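Let's take a walk through this one together.

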Amino acid sequence: MPKDNMALIQKYKETNDPALRDQIIEEYISLVHYALGRLGIIRDNPEYDDLASQGALGLIDALNRFELDRETQFTTYATVRIKGFVLDYLRRQDWLSRGARQNVRKVKEAHTHLYSVLKREPTVEEISQKINIEESKVEQAIADSTHVFLSLDELSEDNEHTFSFHEVVADDTFDHPDVQVEEKELLKSLSGMIKDLPERDQTILSLYYIDELTLKEIGMVLDLSESRVSQIHSQLILSLRSKLRVQMDVDREEFSGRPSVGSGSFSSLDMYHLE
């Protein structure tokens, strides 16, 4: 990731020199590829170039909007804007076909149901039999789940804040206390589930969400292909989603009358995009 060159940015802000703008964009263009990697969009994706172009627009927007008196680093601010542009584009384009999205939803629902009944991770074959879809299509739906933002790192926005779930949980000053409590409870459950995962899976989640490596970088660490890491990540998030759903159902039964998780303006489910 490039280092902040605040002197160059300040000079551009003072002069609005197009040549300086181009120099800054060139210096920071690697942020676009970093952001795409953080969103699980790998380079062999046929839409990668189009998404990179959207990311570049986000970078330009970040430069135009960035205020020098911000305490936030430009690289941090720009990465958020780049992700926002890419995600908005994907939503506008409806990247997956209706049939593909329906399969993703069916697989997610079947996975949750089977996990609650079997008390273990269902196999692709079991999911296939449950929803009467070919195993190859089940596997494709799991892979496609990445493209409907089945992620722990999905950005959420309100009128004043742009944040990711782990940033909200880590910020004790976040100004929605009821939701913050719900999210901390959810995080506690999630932490326990992650600790029960195999070491490799814990490592992938840690490298992605804590160390903020891209899927390609994680693959280099673990000697796996980028596409294989993407597949494992999708399966992990699908599994954690099902476990959280089941846990929340248990909690609702034990504490009847208590507001369910996600009843506030920022639901944990919305931030996790597990619906």
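Start with helix 4 and helix 5, whose crossing is right-handed. Keep in mind as you look that this is a predicted model. Helix 4 covers residues 48-65 and helix 5 covers residues 74-93. Their axes lie 7 Å apart, and the two pack at an angle of about 135°. An angle over 145 would count as roughly antiparallel, and 65 to 115 as roughly perpendicular, so helix 4 ends up oblique to helix 5.

Who does the touching? On the helix 4 side, the contact includes Leu51, Gln54, Gly58, Leu59 and Arg65. Helix 5 answers with residues including Phe74, Tyr77, Arg81, Phe85 and Val86. Sort the residues of this contact by type and you get 13 nonpolar, three polar and five charged.

Now zoom out to the largest nonpolar core, which has 28 residues. In soluble globular proteins, nonpolar side chains tend to be buried together. Here, Leu36, Ile41, Leu59 and Phe74 touch the most other members. Helix 1 (6-15), helix 2 (18-28), helix 3 (30-38), helix 4 and helix 5 each put in at least two residues. Helix 5 gives the most, with eight.

Leaving aside residues up to four places away in sequence, Leu36 touches Ile41, Tyr48, Leu51, Ala52 and Val86. And there's another core, lying apart from the largest one: it has 18 residues, among them Ile42, Leu197, Ile204 and Leu240.

Definitions and conventions:
Residues numbered from 1 in each chain as written. Predicted model: local features only at pLDDT ≥ 70, side-chain atom pairs only at ≥ 80, totals over all residues. Heavy atoms only, no water. Axes fitted to C-alpha atoms, helices over the stretch in contact; angles between N-to-C directions. Helix = DSSP H or I, 4+ residues; strand = E, 2+ residues; numbered from the N terminus. Parallel < 35°, antiparallel > 145°, perpendicular 65-115°, else oblique. Left-handed = near helix turned anticlockwise from the far one by under 90°. Contact = heavy atoms within 4.5 Å. Nonpolar A, V, L, I, M, F, W, Y, C, P; charged D, E, K, R; others polar. Core = buried A, V, L, I, M, F, W, Y, C linked by side-chain atoms within 4.5 Å. Buried < 20%, exposed > 50% of the residue type's maximum accessible area, 1.4 Å probe, protein only.
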